[in-house]
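Colleague: I would like to go through this model with you, ring pairs and helices included. Please show it to me before we start.

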Amino acid sequence: MYCYPMAVGDPICATPSIARHQWTESSRQRWPRPPTLAGTQTPPTFNEIRRVSDSYFGDSFIAHHRSLLPPESSYTVEDYLVLVKDGDISVRVIVPTAGDDANATFPVLVFYHGGGWTFGTVDMDDFFLRRLAVDLGLSVVNVDYRLAPEHVFPTAVEDCIAALKWTVENTAVLKADLGKGFVVGGDSAGGNLTAIVTHEARDDRFFEGRRPTGQLLRELFVAHPAAYPEHLKSQLRSVTENKDMQPLTSAALFDMFERYQPDPADPRFSPLLYPSHAGLPRAFIQAMELDPIRDDAIVYAQALRDAGVETRLEVYPGVSHGFHYPYPTIAAAGKVLEGSVRGLVWLLGRE
């Protein structure tokens with residue numbers, strides 16, 4: 001068991017049985033740097049950087065989970081347009097089939113992909129989410145929110161809220177019963193957006209009687225370093241301790257901030273700064289030990305617990321941010337995704 005002592009209450013512990021390893025030069029060689037656009041003296045365009053990033057984080061993960069897909073007859077997939085401010089976005093809806101029961105209904109997972117608010121697509125997690133839909137018997141709404149720098153802050157937040165409202169208004173399309181579970185989740189930037197959306201839904205009368213019941217937060221970001229609360233600065237050390245850890249270095253993180261153009265102190269970017277976390281749905285949080293934003297997850301877990309929110313945190317030793325995407329077949333990646341499934345089961349009240 002791997003525990004982080006908390007300022008108040010019991011320790012929050014991680015239970016995954018991942019062998020700990022020292023981050024030596026040999027291990028750096030085993031975990032290569034993301035590909036670069038070398039061989040030219042012309043600086044790459046951002047679209048080229050985005051293409052390489054999407055390929056690095058998406059290709060292996062997509063291929064691996066494609067090979068594990070359940071039979072096509074066990075689910076349906078369809079894309080829908082959602083009206084948003086100044087345009088529309090798409091959501092990919094996955095609904096499990098229920099044999100001869102045409103009236104069967106399911107809980108819902110609304111999922112926001114990662115990519116530092118600047119890259120990533122619904123395709124990254126598509127096949128894994130199809131597996132989840134069938135294995136857990138839940139409908140999935142996979143949200144293709146708009147990205148920076150074309151669409152700066154708070155566009156992603158507004159798109160994600162719009163997709164959440166669309167979900168509530170389209171339960172028939174989803175064959176959904178929100179009373180069976182209404183979980184919001186995401187990875188990295190998607191985890192950040194999840195934390196924000198659950199606060200906004202708590203305070204929005206539109207969601208009265210149909211608010212999210214759980215949040216799945218994987219390697220999320222919760223506060224810009226320039227806006228760290230003074231009393232928490234000593235606990236938010238990983239952005240410095242792990243600043244050179246690939247693939248998400250602190251320099252890369254700040255580059256994403258620059259493209260996204262948020263106000264560091266706005267809670268819709270730094271959700272740790274919401275005046276209150278009381279009344280939020282239960283939370284399952286996952287963090288990577290060698291991640292520059294590891295401590296975001298740990299501090300946020302404590303903030304939720306202090307506010308009376310039922311919270312579980314798992315910290316995975318010896319691994320860095322997003323490693324499970326380019327290396328989906330290694331045992332450590334399996335532990336992270338098994339943890340996500342275990343967390344969903346708990347969030348749905350099925351333990």
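Modeller: Buried means under 20% relative accessible area, exposed over 50%, and partly exposed in between, with a 1.4 Å probe and protein chains only. Helices (H or I, at least four residues) and strands (E, at least two) are DSSP runs, numbered from the N terminus. This is a predicted model, in which local features need pLDDT of at least 70 and side-chain atom pairs count only at pLDDT 80 or more, while totals for chains, interfaces and linings use all residues. Residues are numbered from 1 along each chain as its sequence is written, and side-chain values use heavy atoms, with hydrogens and water left out.

Colleague: How far apart are the end C-alpha atoms of α9?

Modeller: The expected span of a helix is 1.5 Å times one less than its number of residues. For the 13 residues of α9 that should give 18 Å, and the C-alpha distance agrees, at 19 Å.

Colleague: How many aromatic pairs are there?

Modeller: Rings of Phe, Tyr and Trp (its six-membered ring) pair if their centres lie within 6.5 Å; planes under 30 degrees apart count as stacked, over 60 as edge-to-face and the rest as tilted. By this rule the number of aromatic pairs is 17.

Colleague: Which class of pair do Phe 254 and Phe 257 form?

Modeller: Both lie in helix α8, 3 residues apart, about one turn of the helix. Phe 254 is partly exposed, with a relative accessible area of 36%, whereas Phe 257 is buried, at 5%. With 5.2 Å centre to centre and 70° between the planes, the pair is edge-to-face.

Colleague: Which ring does the charged end of Arg 282 sit over?

Modeller: A charge sits over a ring if NZ of Lys or CZ of Arg is within 6 Å of the ring centre and within 35 degrees of the ring normal. Arg 210 lies over the face of Phe 206, at 4.6 Å from the ring centre. For Arg 282 the distance to the centre is 4.2 Å, and the ring is that of Trp 346.

Colleague: How are α4 and α6 oriented to each other?

Modeller: Axes are lines fitted to C-alpha atoms, for helices over the stretch in contact, and angles run from 0 to 180 degrees between N-to-C directions. The axes of α4 (residues 155-169) and α6 (residues 189-203) come within 10 Å and cross at roughly 60°. Angles under 35 degrees count as roughly parallel, over 145 as roughly antiparallel, 65 to 115 as roughly perpendicular and the rest as oblique. The two helices are therefore oblique.

Colleague: Where is Pro 149 found?

Modeller: The peptide bond from Ala 148 to Pro 149 is cis, with omega near 5°. Pro 149 is in the loop between β6 (139-144) and α4.
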